[in-house]
Amino acid sequence: MSAAAIAGESDAPRRSRRKPEASMLIVAFAATVLGVLFLLAVLADWVSPYDPLQQDLMSALQWPSSAHWLGTDDLGRDVLSRLIYGCRIAVIATAEATAIALVIGVPIGLFIGYRGGWWDWIVMRVVEALVSIPGIMVAIVIIAILGPGLHRAMIALGILFSTSFLRLTRGVVLAEREEVYVRSARVVGASETRILLRHIFPNIAPPLIVQTTLTVGAVLLAEAGLSFIGLGIQPPQASWGTMLNTAAAFMDLNWFLAIPPGVAIILTVLSVNLLGDVLRDSIGRGIAAAAPPPASAPRVAPLLARAPSDSPQSSRSDEMLRIEALDIVIAMPGATEIPVITDVSLAIAKGETLGLVGESGSGKTLTGLAILGLLGPVLRMTHGSIRLNGRAIHDLDQKALEAVRGSEVAMVFQDPTTSLNPAFTVGSQIAEVLRIKNGLSAEDARRRTVQLIDRVGIPRAAERAQAYPHELSGGMAQRIAIARALSCNPSLLIADEPTTALDVTVQQEILDLFRDLQDEFGMAMMFVTHDLAVAADVCNRIAVMYAGEVVETAEVDALFADPRHPYTRGLLSALPQGSSRNPPLPIIPGSVPRPGTWPTGCRFQNRCDRRVEACEARIPLVGAERMVRCVHYQNARLKAVLS
Amino acid sequence: MLRLVAQRVLALVPLLLIVSVLTFSFTSLLPSDPVDLILGESGTQEQHDMLRKRMGLDQPVQVRYAAWLGKAVRGDLGTSFFSSVSVTDAVLQRLPVTLSLTAFSALIAIVVGVAAGVAAALKPQSLADRLATLGATFGQAVPNFWFGLILVAIFAVGLRWFPATGFVRFSESPSDWLRSVTLPSIALGLSASAAIARQVRSAMVGVLQQDYIRAARAQGLSRSRVILRHALTNAMVPVVAVLSFQITVLLGGALVVEQVFSINGLGTLAIGAVRQQDIPMLQGLVLVMVALVVAVQLITDIIYGLLNPKARPS
């Protein structure tokens, strides 16, 4: 399929945020940066080349040199030394503010979460009010009360950031309070303090650790900001924020002054944030479960090189759709391709309904999506052809495919409540297609939309067109989805389990609707279902699929009268009515093997009660009017021919 | 929609009330006596008493609060202790400055954040995705005022494309206004755009896996139409839900970034008020900011309702 990367159907496994090796690298980087920071903070008196306060006006605003590695500031003080002493301030400041935030936030959160009632209400309203003021303004007001300076500014930041700890703690307590173990502790008469400390507190620890890392980063930035505007650490004390304050005044003379403290802040905050991300990922999911190893492709038996196709199908003149020897694989970068569809050939005549029947995992839906060219980036068609009205559509480019979709082939999906866009009215979703695909004016599109909604049996169509998907029942939503699919008079309609998600009573109505509409619109239909009874109801012909291949095709009556593949027989016997016609058979044991675990030869052999040695070899699909892929049938035919 | 607005507005009244009590009681905690601050050591006892009376400081705190609130409701936020200008006038005069800075940076943050987030989500693990994720991680670690300094060094001092300092009102000259707010707004919008990009990416990755996206494609709608209309509309729902928080952060950040560019906005006013312990000014500033935040919340709530039909009261 040339049109590979299509937005929207990326079946790629949701990416775990980072691979384990990547997070190890990140942890190593962050730990190194923070380790150096701590060392410099502790050893500042010994490692800094100069006294950070020693002025030398003769050598002010110097660029980096061998004497002053990072240059000098406006008073001739050594930038490197000030930067190193700034580490100490940064460590003290963040430790102080974070500790204050924890000491204020956690106990209050524990208390109001556990107590609830008025205390909780009042404190939470105050917290809401605080949170609705920009943080820096809260800090400014508190500093107005306390006065500027390192410790007082950090008290301000501590109060500011305590709200996030408070809310976090309260939330966890509210959740834990009603847990069984807490209740039972209460029943046996444990004191409230004991319950809080012994039983509830341990559950708060993991999210608190994550929140603490995030707070440290935010405190660092806030402290630098406050010092920069002159309300935090006061000169001449060296902090990264005050250094930037100095730098700001001399940007035109020596811009380099801004670089060392800026880089120091960025590196530190970056390290703390990255550490927080990794912590959150590992605490949130459990480190072991974070990333399952990439599915190593199981050994796949090489498909036999085959003649043009081992499943010949008589060509008919009134053919609408013809799929020939279709192969589809899962193609993940860096992994062996895994076949999911092999050698599928199907044909549907004008006005005919073909049922595609099989358990889930047999490849029915994929066959439908392949017709539309909607396989997505992971799946790839590697062999075969798909022809619609005699025209090959499997190698069309994106633009041409878009012209085919909707107008020539349309699809109705399994779950109507998820296949309609929740953000738009159902009418607008039909009208959009009419305008874009058929070029109708807005007014004409609206009128036609109402007609279509009316046609699929929804009363008060004009009014219902204004409804949003969530306001409709499942059956109603599926009617809308059908109306949308029919809006451009497609010559082929693919219905993918269109009644599976619906109530049993609604199912029959929808099936009747499909039959009526097909008569009226004269289109061909491909009806995908796992339910043979449903297929019997609406289809002319049935193709039974198993593990990515067609195992039997026949007219409905013939199939029910004389199922030839053991799998078909198994499916039939699983039907409630089936058992009256045939001797009762056990429900087919096991399930469809996953792609990549298919046995060589007959893929049904492990679940088959008639398995023989010959099943190990590859079995072709043989026959003309009806075709079967089974060694027993093959032998029967062979004998018939020989005798 | 009207009902939604009415509901929200009503819900905001108690919030504003609580904030006003908070700010009033906080600022009443100021350690120094404003009368001493104004008169210094020099005034006589009579002068002190007279001023105290004139400022209403001899009244109990709840009476002062009631009087202040009564005036505040009518738009009178009192008079500055030091410049004897009306707080309302001072704040209103600076408001357009900070507001245009905040609004323009919000616009930049949203445009850049959404574009980067969508680009990253379209092809997970691609180069674009990695770049966007890296950029977002860095963007949240860079102090906005430092980024402002660097922008000044490059684009104002070095290339001379923009002025290094100052602010021109939109009413005076729209083109000069644009030149004066561009650098500060970029500096301010950086970290918000990083946060928005992260949110858009994760929301968009989720939405692109939805059935309705595949169904829209199956209906033959073009890729760009499906991404920009069908997917983005849904992906913006969770983003808009936290957008007011981002804008609150921008408003706070504007106070600091103003200092980098010597812009005379609310930040300068607030810093001056702290230094002078100008109580009425601080009270007024806090109240006006909360009102702004509340207005932003209201607007984002309405947009949220428009994007998400399930959130509308039926």
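Predicted model: local features only at pLDDT ≥ 70, side-chain atom pairs only at ≥ 80, totals over all residues.
1. Side-chain directions. In a regular strand the side chains alternate between the two faces of the sheet. In β7(A), A:Leu492, A:Ile494 and A:Asp496 point one way, while A:Leu493 and A:Ala495 point the other way. Residues of both sets are buried, A:Asp496 among them.

2. Pairing with β6. Strand β6 of chain A (residues 409-412) pairs with β7(A) in the parallel sense, over 4 bridges. Within this pairing, A:Ala410 has A:Leu493 of β7(A) as its bridge partner.

3. Pairing with β8. Strand β8 of chain A (residues 524-529) runs parallel to β7(A) and is joined to it by 5 bridges. Here A:Asp496 has A:Val528 of β8(A) as its bridge partner.

4. Crossover. Helix α17 of chain A (residues 504-521) forms, together with β7(A) and β8(A), a right-handed β-α-β unit.

5. Positive phi at A:Glu497. A:Glu497 is located in the loop between β7 and α17 of chain A. Although A:Glu497 is not a glycine, its phi is positive, at about 45 degrees. A:Glu497 counts as buried because it has 22 C-beta neighbours inside 10 Å, the cut-off being 20 or more.

6. Positive phi at A:Arg460. A:Arg460, likewise a residue other than glycine, has a positive phi near 50 degrees. A:Arg460 sits in the loop between α14 (442-455) and α15 (461-464) of chain A. With 11 C-beta neighbours inside 10 Å, A:Arg460 counts as exposed, for which the limit is 12 or fewer.

Definitions and conventions:
Residues numbered from 1 in each chain as written. Chains lettered and ligands numbered in written order. Helix = DSSP H or I, 4+ residues; strand = E, 2+ residues; numbered from the N terminus. Pairing = 2+ DSSP bridges. Right-handed = clockwise from strand over helix to strand, strands pointing away.
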